[in-house]
Amino acid sequence: MIKNDLFLRALKGETVERPPVWMMRQAGRYLPDFMKLKAKYDFFTRCQTPELATEITVMPIDQIGPDAAILFSDILVIPQAMNIHVEMKPGIGPWLPNPIRTAADLDRVVVPDVADSLSYVMEAIDMTKDALANRVPLIGFAGSPWTILCYCVQGQGSKNFDKAKEFCFTQPEAAHDLLQRITDTTIAYLHEKVKHGVDAVQVFDSWGGMLSPVDYQEFSWKYIQQIIDSLKPVTEVIVFGKGCWFALNDMAKSGAAALGVDWTCSARNARYLSGGNITLQGNFDPSRLFSPPATIKKMVKQMIDEFGKDKFVANLGHGILPNIPVANAQAFVDAVKEY
């Protein structure tokens, strides 16, 4: 049994002594020990080497003590497995040299055997479970099909993903074909992760907020719903849609265990829009971790007061930034633990 199961109890909506805490992207770039590994190994080498992924996943558990671990990996391992070439370019980020722009481009896209093509992720889960020794739960994750499509079509990060939207609106059949293939791959991938022992999964819809509420239903939410429907019988599913406050009501009826909220949506609005009965996760502004530790602690207490201690997972409203002082990340975690 997991010694600290606070996170899992909060996902089930149970009464807890304090909210659990973890941080998106906690396994990584703000930790000095991570930067040493980064200097030695390129990004996808770190993702694809189970020993390195394990070391990075466990690092924050040992060093700052959150209540859950999240597997070090990347959402773009899915397109890689689907025969879409992805690189990580310094100073640019994700780089896909042959983006999907036409229906004909889909001829080279496969729905893979994830147990084979993503076996390195499963090995990392096995090793991480051993290294964690049941101290805290382990979260597995995937990007939403829409967010993955954004990279596959745009070819890199973007402020507005205009090419991805153009593809959806001018070639909707091809877009839905690609979205369904990504969805099928993601469902198989998350099931495989559960089989290897992750205790919950999170779907990151990082670019959901780029779509209008109507387009969100068509090009993002209906695919996320398929993922929830398939995974719900076997694990807890968290959905985090950045900028997707407008969909919180639909999300709350989806069967997801919890919904992530970004820092632009107040606790009061998030509770109201989601109907008040579902566990919410968030929503501290990652940039606020630049504030002095005393200010961070005061603001975290205020955040928990506003959300309430039950049906709440304390987290950031998006991933932790690379240049946050470790002491400030520590102050965030400690403030929740001291609540």
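**Strands, helices and a cavity**

Modeller: In this predicted model, strand β6 (residues 236-241) runs parallel to β7, and three bridges join the two. Within this pair, F240 stands opposite G260 in β7.

Colleague: What makes β6 and β7 count as paired?

Modeller: Pairing needs at least two bridges between the strands. β6 and β7 have three bridges, so they pair.

Colleague: Which strands make up the sheet, and in what order?

Modeller: The order is β1-β4-β5-β6-β7-β8-β9, seven strands in an open sheet with parallel pairing.

Colleague: Why is one side of β1 (69-70) and of β9 (312-316) left without a neighbour in the sheet?

Modeller: Each stands at an edge and has a single partner strand, so one side stays without a neighbour.

Colleague: How do you know that P293 in α14 and the other residues listed with it meet α15?

Modeller: Contact means heavy atoms within 4.5 Å. By that cut-off, P293, I296, K297, V300, M303 and I304 in α14 meet N328, A331, F332, D334, A335 and V336 in α15. This contact has nine nonpolar, one polar and two charged residues. The helix axes come within 9 Å and cross at roughly 35 degrees, and the crossing is right-handed.

Colleague: What makes the space lined by G241, W245 and D262, among others, a cavity?

Modeller: A cavity is a space where a 1.4 Å probe fits but cannot get out.

Colleague: How does its lining divide by class?

Modeller: The lining of the largest cavity has six nonpolar, four polar and one charged residue. D262 is in that lining, and Asp counts as charged, so D262 is the charged one.

Note on methods. Residues are numbered from 1 along each chain as its sequence is written. This is a predicted model: local features need pLDDT of at least 70, side-chain atom pairs count only at pLDDT 80 or more; totals for chains, interfaces and linings use all residues. Side-chain values use heavy atoms; hydrogens and water are left out. On a 1 Å grid over the protein atoms alone, a cavity is a set of points where a 1.4 Å probe fits but cannot get out, and a pocket is an open set with protein on both sides within 12 Å along at least five of seven lines; lining residues have an atom within 4 Å of a point. Axes are lines fitted to C-alpha atoms, for helices over the stretch in contact, and angles run from 0 to 180 degrees between N-to-C directions. Helices (H or I, at least four residues) and strands (E, at least two) are DSSP runs, numbered from the N terminus. A crossing is left-handed if the near helix is turned anticlockwise from the far one by less than a right angle, and right-handed if clockwise.
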